[in-house]
Amino acid sequence: QNLGGGFWEDYVAPDGCRSTCCPCRKPPAVEFLNSGFMIGPMGDIRDMVKWSLEHYDEVSTLGDQSVLAHYWFHEGHSKITLDYAGALCLTMSDLKPSALFNLTQ
């Protein structure tokens with residue numbers, strides 16, 4: 001599946017991707033680190049969160065996402081995998097209701 005080349009376009013609501021800070025890519029794509037969901041060995045997660053707290057003021061540009069993205073790029077690229085397919089976790093805030101529910105009458 002070409003998840004970055006328009007796959008999600010049919011699923012995003014017309015007024016989706018409303019964020020003015022970090023608007024969605026056109027066409028929509030799952031391509032960025034999201035620090036709202038973490039899964040893995042507890043020791044690795046602890047190390048990542050500890051590093052993030054210790055370096056927050058030094059590397060933050062847009063909050064926790066940017067700090068963890070910095071960690072991913074510079075410290076933990078061999079320990080972190082992004083779920084580009086949305087197979088483990090998918091944010092549903094900007095999806096069409098019909099993408100979530102069977103809306104037959």
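**Helix 2 and what it packs on**

The buried residues of helix 2 are Ser 66, Val 67, Leu 68, Ala 69, Tyr 71 and Trp 72. Buried means under 20% relative accessible area, exposed over 50%, and partly exposed in between, with a 1.4 Å probe and protein chains only. Those buried residues pack against helix 1.

Before going on, the ground rules. This is a predicted model, where local features need pLDDT of at least 70, side-chain atom pairs count only at pLDDT 80 or more, and totals for chains, interfaces and linings use all residues. Residues are numbered from 1 along each chain as its sequence is written, and side-chain values use heavy atoms, with hydrogens and water left out.

**Overall layout**

The protein has three helices and zero strands. Along the sequence the pattern reads α-α-α. Helices (H or I, at least four residues) and strands (E, at least two) are DSSP runs, numbered from the N terminus. Of the 105 residues, 28% are buried. Now contacts, meaning heavy atoms within 4.5 Å. Among those between residues at least 6 apart in sequence, 55% join residues at least 24 apart. The accessible surface comes to about 7,800 Å², and 55% of that belongs to carbon and sulfur atoms. Accessible areas come from the Shrake-Rupley method with a 1.4 Å probe; for residues, only the protein chains shown count as cover.

**The core**

Which residues make up the largest nonpolar core? There are 10: Leu 33, Met 48, Trp 51, Val 59, Val 67, Leu 68, Tyr 71, Trp 72, Ile 80 and Leu 82. Helix 2 gives the most, with four. A nonpolar core here is a set of buried Ala, Val, Leu, Ile, Met, Phe, Trp, Tyr and Cys residues joined through side-chain atoms within 4.5 Å.

Take Met 48. Not counting residues up to four places away in sequence, Met 48 touches Met 38, Leu 68, Tyr 71 and Ile 80.

Now Ser 52, in helix 1, which spans residues 42–59. Is Ser 52 buried or exposed? Buried, because its relative accessibility is 10%. A polar atom of its side chain lies 2.8 Å from the backbone oxygen of Met 48. A polar contact is a pair of N or O atoms within 3.5 Å; within protein, one must be able to donate a hydrogen and the other to accept it, and residues adjacent in sequence count only if both atoms are side-chain atoms. Leaving out residues up to four places away in sequence, Ser 52 touches Val 67 and Leu 68.

Next, Ser 60. Ser 60 sits in the loop between helix 1 and helix 2. Ser 60 counts as partly exposed because its relative accessibility is 26%. Its side chain reaches the backbone nitrogen of Gly 63 at 3.2 Å. Beyond its neighbours within four places in sequence, Ser 60 is in contact with Ser 66 and Val 67. The C-alpha atoms of Ser 60 and His 70 are 8.5 Å apart, with the two residues 10 apart along the chain.

**Salt bridges**

How many salt bridges does the structure hold? Three. The cut-off is a side-chain nitrogen of Lys or Arg within 4 Å of a carboxyl oxygen of Asp or Glu.

Lys 79 pairs with Asp 44, the closest N and O atoms being 3.9 Å apart. This pair links distant parts of the chain, 35 residues apart: Lys 79 is in the loop between helix 2 (64–74) and helix 3 (97–100), and Asp 44 is in helix 1. Asp 44 is partly exposed, at 30% relative accessibility.

Arg 46 meets Asp 47 at 3.3 Å, N to O. Arg 46 is exposed at 53%, while Asp 47 is partly exposed at 32%.

Lys 50 bridges to Glu 54, with closest N and O atoms 3.9 Å apart. Lys 50 and Glu 54 are four residues apart in helix 1, so about one helical turn separates them. Glu 54 is exposed, with a relative accessible area of 53%.

**A surface patch**

Last item. Leu 90, Met 92, Leu 100 and Phe 101 make a nonpolar surface patch of about 370 Å². Patches are made of residues with over 30% relative accessible area and no salt bridge: like charges are joined within 9 Å, nonpolar side chains (Val, Leu, Ile, Met, Phe, Trp, Tyr) within 5 Å. Leu 100 is in helix 3. Leu 100 is partly exposed, at 33% relative accessible area.
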